[in-house]
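Subject: Model for your files

Hello,

Please find the structure we discussed below. My notes on salt bridges and on strand pairing follow it.

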Amino acid sequence: TLGGMFGAGIYFAEYSSKSDQYVRCDSQGLFYMFVSRVMLGTQVHITQEKLSQIRRPPDLPGQRGRCFDSVVFDTTGPHYREFIVYDRTQAYPEFLVAYRRK
């Protein structure tokens, strides 16, 4: 949906503990998470502002009609970096990991 912090992108995290915040368990108490390869290409680094309601990355400065390939949300402090792509061909889910929390 467009309601995400960076619009209608596909969201990835640098650390699995960040992704773990969004998973729900199944009837046997298992959680699932993909380990993916993601091609970021030319990145725009965002540190504070949100880019909600977008369907593609921002335009490259001075490049009419060309946009960045991905967004990297990187704040200072105890936060995790997030990576957002807007083209599903930039991401390859390589493994599905099933786990339980202690």
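This is a predicted model, so please keep the cut-offs in mind: local features need pLDDT of at least 70, side-chain atom pairs count only at pLDDT 80 or more, and totals for chains, interfaces and linings use all residues. Residues are numbered from 1 along each chain as its sequence is written, and side-chain values use heavy atoms, with hydrogens and water left out.

Salt bridges

The count comes to 5 salt bridges, where a salt bridge is a side-chain nitrogen of Lys or Arg within 4 Å of a carboxyl oxygen of Asp or Glu. As background, side chains of opposite charge can pair when their charged atoms come close. Helices (H or I, at least four residues) and strands (E, at least two) are DSSP runs, numbered from the N terminus. For accessibility, buried means under 20% relative accessible area, exposed over 50%, and partly exposed in between (1.4 Å probe, protein chains only).

One of the salt bridges joins Arg 81 and Glu 14, at 3.0 Å from N to O. This pair links distant parts of the chain, 67 residues apart: Arg 81 is in the loop between strand E4 (70–73) and strand E5 (82–85), and Glu 14 is in the loop between strand E1 (10–13) and helix H1 (16–19). Arg 81 is partly exposed at 28% relative accessible area, and Glu 14 is partly exposed at 35%.

Glu 82 and Lys 18 form another, with their closest N and O atoms 3.6 Å apart. Glu 82 counts as buried at 12% relative accessibility, as does Lys 18 at 13%.

Arg 37 also has a salt bridge, to Glu 94, with the closest N and O atoms 2.6 Å apart. Because Arg 37 lies in strand E2 (residues 31–38) and Glu 94 in strand E6 (residues 91–99), the pair ties together parts that are 57 residues apart in sequence. Arg 37 is exposed at 54% relative accessibility, whereas Glu 94 is partly exposed at 29%.

Strand pairing

Four strands make an open sheet in the order E1-E5-E4-E3, with mixed pairing; two strands pair if DSSP finds at least two bridges between them. E1 and strand E3 (43–46) are the edge strands, each pairing on one side only. E3 and E4 run parallel and are joined by 4 bridges. Val 44 stands opposite Val 71 in E4.

Regards
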